[in-house]
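Hi there,

Please have a look at it first, and then read on.

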Amino acid sequence: MNSAVDPDQARTNPAAASTTVAPPSRSRGRAVLDRLQQFREGGILLAVLVTGAVFTAIDPRFIAIGNLGNIASQISFEGVLAVSMTFVLISGEIDLSIGSMVGVTGVVFGLLMTQGANPWVAVVLSLLAGCSMGALNGVLSVALRVPTIIITLGMLNAYRGFAYLISNGYPVENYPKTSAFFSIGQDRLFGVVPYTAIILLVFALIGAVVLRQTVIGHRIYAMGSNPRAAQLSGIRTSRIRIGVLIFNGFAAAIAGLMAVSQTATADPNIGIGYELDVIAAVIIGGAKLTGGSGTVLASLLGMLLLGLIRNGLVLVGVSIYLLIVVSGLIVILAVAIDRFVTRRRQGGGGVQAA
Amino acid sequence: MNLQSVSFRTAAVALGAGLVLTACGNSSGSPGTSTKHLTLALVLDDLTNPVELPLRKGAEDMAAKYGFTLKVVGPSPSTAQQQISLLQDLETQKVDGTIILPVDSTALVPAINSMVAAGIPVAATEIDAPNSNRSFFYIGGSSTIDQGKLSAQRVFTYFKAKGSTGTINYVLTSCLPTVTGQQDRRSGFEAEVQVENATSPFKLNQVGFYDTSTDPAKNFANTQNIYTAKGSQIQLAYTMCGPDTQNWGKVLKANNNKNILVAGYDWLPATLDLIGQGWVGWAQGNSLYAEGTYSFTQMYNHVAKGTALPTGVIHGTSIFCDINNLAAIRNSPDVKAAGG
């Protein structure tokens with residue numbers, strides 16, 4: 001049996017990381033890079049810093065407080081989804097229906113509001129709706145023994161269609177918008193920090209603690225690393241699968257509510273294409289589609305990188321069609337930087353435990 | 001033998017025979033004398049575009065008035081390929097008539113012609129497919145190219161009244177930059193700007209063209225980014241989509257900036273609020289409700305009564321909603337249909 005640990009996995013799997021030996025010291029010229037290498041999310045952090053530095057050099061307004069606040073606000077919806085999708089991908093599953101669940105929960109909230117519901121009651125019921133959709137994904141996958149990629153591919157359309165069905169295809173907006181709920185998406189703490197960004201940070205912190213410090217988190221890693229071994233060791237993988245998908249539905253509801261809070265409109269179109277953005281962010285952060293690898297912080301950095309690129313390319317005046325091309329290429333470049341740093345760690349003395 | 005089952009079978013056979021006879025009668029009768037229940041289709045270019053709600057409402061009101069079944073379909077996201085598939089499905093279903101708002105004036109031509117060849121009359125509204133065999137094109141306002149020209153003329157009138165000179169920078173935004181109607185508005189606007197620039201004491205200068213996305217949250221985010229990038233340089237935002245117009249108003253309001261004129265489109269309820277508050281200069285609109293009522297009245301009269309369909313292009317004049325006519329616009333069926 002080969003007991004060596006995959007260095008890429010060791011970077012993002014706390015259990016695996018504990019078996020690596022620290023690399024030897026480097027020359028002073030490499031100090032900064034070495035420090036980044038020792039940091040598990042160093043590669044993606046370097047990509048974020050390089051991207052930010054390039055855009056700032058081209059246009060100093062990029063680094064202005066107001067613009068950074070905009071970026072924070074803009075990534076907050078999908079950032080929440082990236083946190084939960086990290087759980088899903090680490091467990092070896094995938095959820096393609098997340099954007100559609102965002103749409104359904106937003107519409108559910110809007111319809112409840114038009115019926116005169118208290119906004120906070122509507123929030124709770126929308127969160128329950130999100131959890132229910134996630135649970136349905138999980139139960140169908142387990143009961144039918146069909147991979148989640150197939151179930152959620154079907155549900156991507158089913159949930160979006162359901163959003164159109166219950167809204168009759170119309171944006172739902174004929175309700176009072178005076179509640180404090182709408183301030184969350186539209187206002188900023190001290191006029192600087194968007195409340196949606198604060199929600200994202202709190203959500204990410206809780207997610208990171210659960211993933212790294214709890215038994216549940218370690219079981220999710222174990223299941224993603226080797227589902228068969230996890231099953232044999234007594235881990236109920238079906239429960240974990242359903243659990244992470246419920247969590248994903250919950251996050252979708254939070255994102256949907258944040259979007260409605262910001263736009264004041266429950267549009268059934270909200271969330272179209274989010275699944276690809278979110279999965280891209282998590283993969284950029286170093287998670288693997290095969291499971292067992294990834295961290296919440298890395299996924300957030302991945303989402304931040306996408307947000308920086310979208311914002312920066314507009315600021316530097318890239319044409320709308322070239323923007324699509326460049327944003328795709330920058331994502332590949334970012335992943336290449338991340339993998340380069342990882343390989344340096346591996347080649348620079350990341351001695352594997354025997 | 002069970003008497004009940006005999007009765008049931010007899011009734012079933014009678015019912016089946018009746019249905020066959022009814023179907024035969026319909027298929028052999030002329031359109032004008034048919035008594036069968038009619039199904040008319042409305043094919044939108046985007047199933048959930050809020051701007052098109054009045055069109056749907058107009059069609060729904062006509063369905064209720066005349067008693068035909070209305071089938072509303074549309075692609076989401078808005079692509080010509082999806083819309084072609086929808087037309088093919090409707091042809092297979094043998095609907096009695098179709099009103100279409102094409103995603104692409106050219107790409108939809110073969111599918112429209114196929115439908116017409118199959119004996120299903122087709123008319124276009126809001127966006128034309130002039131090279132197709134559609135019977136008529138009705139727009140409850142100016143043509144989309146003229147909409148752009150009218151906007152440019154109004155912009156020049158506005159800045160001339162302010163006594164402007166020198167260069168006036170502007171950005172142009174679209175939530176669907178590859179859709180024909182948006183391209184028409186852009187080309188109409190840019191062509192008229194060239195004409196007006198030749199004699200105007202100031203020159204309009206485009207400093208950016210942006211895709212803002214149809215997703216409401218992304219549209220807002222993109223508008224924020226464009227404002228950050230160009231807000232300090234521009235005096236005009238020519239916003240070709242309803243959501244763009246609304247979000248430009250919101251962003252200017254958030255930044256307390258009244259130095260930029262938002263020359264936009266569509267009478268979304270929130271846009272009208274922003275016009276009232278002075279954050280949006282104006283929003284050009286067509287009566288999409290009239291497009292629904294007119295098109296479906298013509299189509300119903302044709303398939304139910306044999307009345308000849310109009311041919312060619314039929315249109316009115318677009319209306320600019322601004323602070324002066326805001327109250328009247330709010331009371332229009334178009335705005336009420338959109339929840340205003």
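Predicted model: local features only at pLDDT ≥ 70, side-chain atom pairs only at ≥ 80, totals over all residues.

Chain B has an open sheet of six strands, paired in parallel and ordered β2-β1-β3-β4-β5-β11. Its edge strands are β2 (69-73) and β11 (312-315) of chain B, each of which pairs on one side only. From one strand to the next, the twist averages 20°. Helix α10(B) packs on this sheet, where it touches β1, β2, β3, β4 (122-125), β5 and β11 of chain B. The direction of α10(B) makes about 150° with that of β5(B).

For a detailed view of one strand pair, go to β1 (residues 39-43) and β3 (residues 97-100) of chain B: they run parallel and are joined by four bridges. Here Leu42(B) stands opposite Ile99(B), a residue of β3(B).

**The aromatic rings**

How many aromatic pairs are there over all chains? The count comes to 23. One of them is formed by Phe136(B) and Tyr294(B). Their ring centres are 5.9 Å apart and their planes stand at 90°, and since planes over 60 degrees apart count as edge-to-face, this pair is edge-to-face. Phe136(B) belongs to strand β5 (residues 136-139) and Tyr294(B) to helix α10 (residues 288-305), both in chain B, so the pair ties together parts that are 158 residues apart in sequence.

Are these two residues buried or exposed? Phe136(B) counts as buried because its relative accessibility is 0%, while Tyr294(B), at 23%, counts as partly exposed.

Chain B also holds an aromatic cluster formed by Phe156(B), Tyr158(B), Phe159(B), Phe202(B), Trp282(B) and Phe320(B).

Two arginines are worth a look as well. Arg185(B) lies over the face of Tyr265(B), 3.8 Å from the ring centre. Arg186(B) lies over the face of Phe209(B), at 3.7 Å from the ring centre.

**A loop residue**

Finally, Val51(B) sits in the loop between β1 and α2 (53-66) of chain B. With a relative accessible area of 14%, Val51(B) is buried. Leaving aside residues up to four places away in sequence, Val51(B) touches Gly242(B), Asp266(B), Leu268(B) and Leu288(B). The C-alpha atoms of Val51(B) and Ser78(B) are separated by 14 Å, and the two residues are 27 apart along the chain.

Definitions and conventions. Residues numbered from 1 in each chain as written. Chains lettered and ligands numbered in written order. Heavy atoms only, no water. Phe/Tyr/Trp six-rings, centres within 6.5 Å; stacked < 30°, edge-to-face > 60°. Helix = DSSP H or I, 4+ residues; strand = E, 2+ residues; numbered from the N terminus. Buried < 20%, exposed > 50% of the residue type's maximum accessible area, 1.4 Å probe, protein only. Lys NZ or Arg CZ within 6 Å of the ring centre and 35° of its normal. Pairing = 2+ DSSP bridges. Axes fitted to C-alpha atoms, helices over the stretch in contact; angles between N-to-C directions. Contact = heavy atoms within 4.5 Å.
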